Amino acid sequence: MTNSQPPTGLSRELIALRAARELEPGSVVNLGIGLPTLVAGFVEPSDDILFQAENGILGYSGVSESDFDSDLINAGGQPVNLVAGASFFDTADSFAMIRGGHIDAAILGGLQVSAQGDLANWYVPARGGGSVGGAMDLAVGAKKLIIAMAHVTREGEPRIVEACDYPLTAERCVDVIITDYAVIDVTESGFQLREVAPGISVGEVIDWTGAPVNVSGDVIEMSL
Amino acid sequence: MLAEVFQTPDTAVADIANGATILVGGFVSAGTPSNLIRALCRTGQTELTAVANNIGLGDLLDELCEERQLAKVIATFAIRASGTRQSRFESQYRAGEVELELVPQGTLIERLRAGGAGLGGVLTKTGLGTMMAEGKETLEIDGEHWLLERPLRGDVALIKAWRADHHGNLQYRLAGLNFNPVMATAADLVIAEVEEIVEPGAIAPEQVGTPAVYVDRLVQCDPIPVRWEG
């Protein structure tokens, strides 16, 4: 690691936009609390993506602040709109979908991701206690797990590391990491750099990542 | 057997005992029995264990901390990710005055389902290799590893539905189901707060979300609006 200041990468919105592009048309997707909830605002109806909220909705669109109905919220407590063909169900059904392999992709926030794809995203040791919500079930059950997060902490420490020192959400679960600096795939042989954000160099990604990153192959600039 | 209709939430919860384990339905604002929670506060009963999705996120469950009525909370969301705001629950938890058992949401609902459905436990991959597996048994079945989670039941369940009929059949609206239908199966005494009580038949059989067999008591109340404070 360097002692210099970490570079400024993408805004949260642009991370969410890039994460939205990672979704396959026609897929069923769960969005975690925080940055991932922004992703719903960046998909087009023509993408035919169905968002699942673990509190019991399949088929909501963006957040709607105008008309609050306390019984119509997503898993982050935000009021949402429904799409035609939406359905409601209880928590048992919801987690049958999640653990049972019926969710094509989940986009969750992250605190740390390790080279073997372990995720830590629910417990900050300095705060203690924590809130786990549905994160562990989603990490285990979603067919594809995309982590959308800042590349480094506020203190400039890498979040992409050899091994997590924060308590784990699940082992060997992460497929792709999308940060303000890069798109990185988690492969059998560790981290593979796929894209860099505009204004961020391959060297900077390597410098601010706490584990080896394979940069062989075509590394392209993100198209946003 | 007809469900017993109570005129006020206070009379519906009056015989809840000190030390009871209470299942509380709802997901922050949706399907939350806020009138029953407030009435439980007014009973003054203490040493309670609350089982709920969340506490201290704008929900009224946190009000049970005001007079220190909770000994233990079993929940999925209990401590905010950011430390800028602290619920009453969080400050009492930090002071060691109340116990917290944090459970993954999918595991919590399946433990309750097992408790209500006469099953001996749940085998899940959720939590394997994490703090959640500490002190728990793991099983290998046909080469796959599973974490054994135990059933969970309450002495009382406080649930919220949109409408009930006099038999106790419940109908939910929108995303108000969440934990309510499963919690209704998993307690010795089930008390439902509803917005309207109608004659049997007014809720079409296929619209019944919780069949009457699970429901003991009904109370009609205007819902108290709450909002997530993240």
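How many bridges join β3(A) to strand β4 of chain A, and in which sense do the two strands run? In this predicted model, four bridges link β3(A) to strand β4 (residues 80-88) of chain A, and the two strands run antiparallel. Within this pairing, A:Tyr60 stands opposite A:Leu82 in β4(A).

Strand β3 (residues 57-63) of chain A is also joined to strand β2 (residues 50-53) of chain A, by three bridges and again in an antiparallel arrangement. Here A:Tyr60 of β3(A) is the bridge partner of A:Phe51.

Strand β6 (residues 112-114) of chain A pairs with β9(A) in the parallel sense, over two bridges. In this pairing, A:Ser114 is located opposite A:Val161 in β9(A).

Chain B comprises five helices and 14 strands. An open sheet of three strands is found in this chain as well, with the order β11-β10-β13 and mixed pairing. Its edge strands are β11 (170-171) and β13 (196-198) of chain B, each of which pairs on one side only. Strand β10 (residues 163-165) of chain B is connected to β11(B) by two bridges, and these strands run antiparallel. Opposite B:Ala164 stands B:Leu170, which belongs to β11(B).

The overall dimensions of chain B were also examined. For 230 residues, a compact globule would have a radius of gyration near 17 Å, and the value of 18 Å for chain B agrees with this expectation. Along the principal axes, the C-alpha atoms of chain B fill a box of roughly 50 × 45 × 30 Å. Of the 230 residues in the chain, 52% count as buried. When contacts in chain B between residues at least 6 apart in sequence are considered, 74% join residues at least 24 apart.

The two chains meet at an interface in which 34 residues of chain A are in contact with 42 residues of chain B. On the side of chain A that touches chain B, the elements giving two or more residues are α2 (91-99) and α3 (135-141) of chain A. The largest share of this side, five residues, is contributed by α2(A). By residue class, the side of chain A that touches chain B consists of 14 nonpolar, twelve polar and eight charged residues.

With regard to confidence, chain B has a mean pLDDT of 96, and 100% of its residues reach 70 or more. For the complex, the predictor gives an ipTM of 0.96 and a pTM of 0.96.

Conventions
Residues are numbered from 1 along each chain as its sequence is written. Chains are lettered from A and ligands numbered from 1 in the order in which they are written. This is a predicted model: local features need pLDDT of at least 70, side-chain atom pairs count only at pLDDT 80 or more; totals for chains, interfaces and linings use all residues. Two residues are in contact if their C-beta atoms, placed from the backbone, lie within 7 Å. Ala, Val, Leu, Ile, Met, Phe, Trp, Tyr, Cys and Pro count as nonpolar, Asp, Glu, Lys and Arg as charged, and the others, Gly among them, as polar. Two strands pair if DSSP finds at least two bridges between them. The radius of gyration is taken over C-alpha atoms; the globule rule is 2.2 Å times the number of residues to the power 0.38. A residue is buried if 20 or more other C-beta atoms lie within 10 Å of its own, exposed if 12 or fewer, and partly exposed in between; C-beta atoms are placed from the backbone. pLDDT is the predictor's confidence in each residue, from 0 to 100.
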